[in-house]
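I opened this notebook to keep a record of what I looked up in one model. The entries follow the order in which I looked.

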Amino acid sequence: MTEFHDFDALRAAVGSVLGPGEWLEIDQRRIDLFAEATGDHQWIHVDPGRAADGPYGATIAHGFLTLALLAPISQQLMSVRSARMAINYGLNKVRFISPVRVGSRVRGTVTLTAVTDVPGGVQAERTVTIIAEGADKPACVAEHLVRYLA
């Protein structure tokens, strides 16, 4: 965990790569709960029997489930102590490069790419790369915008 004590320290860290973080297991229960929460019950995610005969040989995590892991991955890797709160501001670009099979473990890195002033605080642009254990390519790469407010 990298703790930035103030916005100046965050600005000074632009270009830094933080991580990798701890491994998170992607089990069928997590996938099923995400399907319930979102209403996305496509067989490739929730039907292990059918998915066994599919292109990946097992169920895979939803792309948006993988994307949702930006929050815990980023929270493992960095905090800004002087911020009263952090707000997800958006995403510039997201790519789902390789699937995350059930039973996989994933973790990520955060590259701090820019910090700009905004009313009441700063906006950090971070590139979050999520990898599945043993995979040749990342599962997801996302340009994530977070506003840290004083």
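Which residues is Y148 in contact with, leaving aside its neighbours within four places in sequence? I took contact to mean heavy atoms within 4.5 Å, and I found F7, L10, M78, V80, A83, M85, A86, G120, G121, V122, A124 and R126 around Y148.

Before going further I noted the ground rules: this is a predicted model, in which local features need pLDDT of at least 70 and side-chain atom pairs count only at pLDDT 80 or more, while totals for chains, interfaces and linings use all residues. I also noted that residues are numbered from 1 along each chain as its sequence is written, and that side-chain values use heavy atoms, with hydrogens and water left out.

**Core.** I next looked up the largest nonpolar core, which has 34 residues, and found that L10, M78, V80, V106, I130 and Y148 touch the most other members. Strand β7, residues 121–132, gives the most to this core, with 5 residues. A nonpolar core here is a set of buried Ala, Val, Leu, Ile, Met, Phe, Trp, Tyr and Cys residues joined through side-chain atoms within 4.5 Å; buried means under 20% relative accessible area, exposed over 50%, and partly exposed in between, with a 1.4 Å probe and protein chains only. As general background I wrote down that in soluble globular proteins nonpolar side chains tend to be buried together.

**Chain as a whole.** I counted 6 helices and 8 strands in the protein chain, where helices (H or I, at least four residues) and strands (E, at least two) are DSSP runs numbered from the N terminus. Read along the sequence, these elements follow the pattern β-α-β-β-α-α-α-α-α-β-β-β-β-β. The C-alpha atoms fill a box of roughly 55 × 30 × 20 Å along the principal axes, and buried residues make up 38% of the 150 residues. Of the contacts with a separation of 6 or more, I found that 71% are between residues 24 or more positions apart.

**Record.** In UniProt, an unreviewed entry carries the annotation "domain: MaoC-like" over residues 14–131; such annotations may be inferred rather than shown by experiment. Over residues 14–131 I read 29% helix and 39% strand, with the end C-alpha atoms 22 Å apart.

**A51.** I placed A51 in helix α4, residues 48–52. Why does A51 count as buried? It does so because its relative accessibility is 0%. Not counting residues up to four places away in sequence, A51 touches W43, I44, G57, A58 and T59.

**P20.** I found a cis peptide bond joining G19 and P20, with omega about 15°. P20 lies in the loop between β2 (17–18) and β3 (24–26).

V94 lies in strand β5, residues 85–96, and I recorded it as partly exposed because its relative accessible area is 22%. Not counting residues up to four places away in sequence, V94 touches L67, C140, V141 and A142; V94 and A142 are 48 residues apart in sequence and 4.3 Å apart in space, C-alpha to C-alpha. T127, in strand β7, is buried, with a relative accessible area of 18%. Leaving aside its neighbours within four places in sequence, I found T127 in contact with T109, V110, T111, T113, V141, A142 and E143.
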